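Thanks, everyone. I have one model to show and a few places in it to point at. Please bring it up on your screens.

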Amino acid sequence: MATDLATPAATLTQEENLRYSRHLILPEVGVEGQLKLKQAKVLMVGTGGLGAPLGMYLAAAGVGKIGLVDFDVVDHTNLHRQIIHGTKDVGRKKIDSAADTMRDINPNVELVKHEVAITSDNAFDIIKDYDIVVDGTDNFPTRYLINDACVLLNKPNVYGSIFRFEGQATIFATEGGPCYRCLYPEPPPPGLVPSCAEGGVLGVLPGIIGMIQATEAVKLILGQGTTLVGRLLLYDALHMKFRELKLRKAPECPVCGNNRTITKLIDYHQFCGVPDPQAPPAAPAKGEIEVTELKEMLDRGDKFTLIDVREPYEYQIARIPGAKLIPLGDIPKRLAEISRDEDLVLHCKMGGRSAKAIGILKEAGYTRLTNVRGGITAWSEKVDPTVPKY
Amino acid sequence: MAKILIPTPLRQYTGKSDSVMVAGATIGEALGALTTQHADLRKQLYNDEGKLRSFVNVYLNDEDIRYLAKDATPVADTDIISIVPSIAGGRYGD
């Protein structure tokens, strides 16, 4: 980051001297460090759980230009952790709500809204104008996309991810440092690792991990201290333990190793084996029915068994009348309860776990199997709105 | 007996235990003992060819076994083995 004394960014106003006074009296920051922050350009991808503390602290710290990438809308299930958004913001675009909060904290910061899903087509254009990328996304395709784009553009990627009570943080794609693919060459196949929506997450967890990411971004800008480059920090909130593991640059890494096979951005949804959420919904696959068909079957009194493969605590929140609860993980040991001689219709929250259950039952020799597309969420949306969504 | 730390996403396959004590002179033997005790874990950790899945890393203390002797890495009784799968904090697959 070159310093140009002729630009206004190279000085602090009287208001800024006051605002940042506790930074200015820190020898590790001082006026010089604060000016580095003022001239820094950071891109935050995601304004959710990780993005909430990130955006608030990066704005408060006086990062001169912050880009926000998000296309989502605030809903009630976000509020227990995404503290950049308030109850009044439900239904608003996250990017607008986040920008309002950040502007309130620090009106000096230039905010750039990128109201899009980051994709292989736009990633270079969005990222190229920033010094640092902070990954606050929630899915594997976007994480691999951000990683590859950062490696190819030579931008540090401050990484954090969370699950239930556990978090991971590090910095990828610095000069000579490891990248995400050095750590994990490939993503898990869909469904093998449960997601937050399925597994839940402690509300304060993304707060801690997002603040670790914010700390590392600020240190990278200041050039101070020892960063997480080359170290994977693991945090366990339940036992309040931090551990760190060594993270090495893999010589065989396809994007940053010795023989690079990835030299441009690829199709990350295909790479991760998941449907592109931006694509129009496909027609129901063979062996799938819509919730409206399920309703008709129930109303007609068709003979079949409806099996709910969610967890008991989900069943307590919402259920489809007449469904028999057998959690996905219990299916292999409860086969005796499941008849082979009748039609079985399986559902879960969104349709993913019931598809897995059908895979297990097929392996066990069952044939008369149907999956309910969209699960109880679709049931609540299209059939019975009194069934709570969660 | 070495201690294997089980990450949250895999605890459903170890009867909710967050750590398991196993006997074994190498990482391969220790993981073998683990997946014998908890058979459902095998499919999570290994692919059809019996190789560790590429989104699951195994560490002996703080070192990635890929940079030690992989499955043949010797394990002492005081060692801690960590299984660290990738997590995205996401919404896919539900």
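One term before we look: two residues are in contact if their C-beta atoms, placed from the backbone, lie within 7 Å. With that, take Arg81(A). Setting aside neighbours within four places in sequence, Arg81(A) is in contact with Gly49(A), Val201(A), Gly203(A) and Pro206(A).

Now the ground rules. This is a predicted model: local features need pLDDT of at least 70, side-chain atom pairs count only at pLDDT 80 or more, and totals for chains, interfaces and linings use all residues. Residues are numbered from 1 along each chain as its sequence is written, while chains are lettered from A and ligands numbered from 1 in the order in which they are written.

Back to Arg81(A). It sits in the loop between β2 (65-69) and α5 (94-105) of chain A. Helices (H or I, at least four residues) and strands (E, at least two) are DSSP runs, numbered from the N terminus. Is Arg81(A) buried or exposed? It counts as buried, because it has 22 C-beta neighbours inside 10 Å. The cut-offs: buried takes 20 or more other C-beta atoms within 10 Å of the residue's own, exposed 12 or fewer, and partly exposed lies in between, with C-beta atoms placed from the backbone. From Arg81(A) to Gln278(A) the C-alpha separation is 25 Å, and the two are 197 residues apart along the chain.

Next, the overall picture. Chain A has 15 helices and 13 strands. Its C-alpha trace spans about 80 × 50 × 40 Å along the principal axes. Of its 390 residues, 43% are buried. Take the contacts between residues at least 6 apart in sequence: 66% of them join residues at least 24 apart.

Domains. There are bounds for domain 1 (40-272) and domain 2 (288-382) of chain A, from an automatic or database domain assignment. Their C-alpha centres lie 35 Å apart.

Now the cores. A nonpolar core is a set of buried Ala, Val, Leu, Ile, Met, Phe, Trp, Tyr and Cys residues joined through C-beta atoms within 7 Å. The largest has 95 residues, and Val42(A) and Ala217(A) have the most contacts inside it. Which helix gives the most to this core? That is α10(A), with nine residues. Beyond its neighbours within four places in sequence, Ala217(A) is in contact with Val42(A), Leu58(A), Ile132(A), Val134(A) and Val158(A).

The axes of α4 (residues 51-61) and α10 (residues 205-222) of chain A come within 7 Å and cross at roughly 35°. Axes here are lines fitted to C-alpha atoms, for helices over the stretch in contact, with angles from 0 to 180 degrees between N-to-C directions. By class, the contact of α4(A) with α10(A) has ten nonpolar, four polar and no charged residues. Ala, Val, Leu, Ile, Met, Phe, Trp, Tyr, Cys and Pro count as nonpolar, Asp, Glu, Lys and Arg as charged, and the others, Gly among them, as polar.

Ala173(A) is not a glycine, yet its phi is positive, near 65°. It lies in the loop between β6 (166-172) and α8 (180-183) of chain A. Ala173(A) counts as buried because it has 28 C-beta neighbours inside 10 Å. Met240(A), also not a glycine, has a positive phi of about 45°. Its loop runs between β7 (231-236) and β8 (241-246) of chain A. Met240(A) has 8 C-beta neighbours inside 10 Å, so it counts as exposed.
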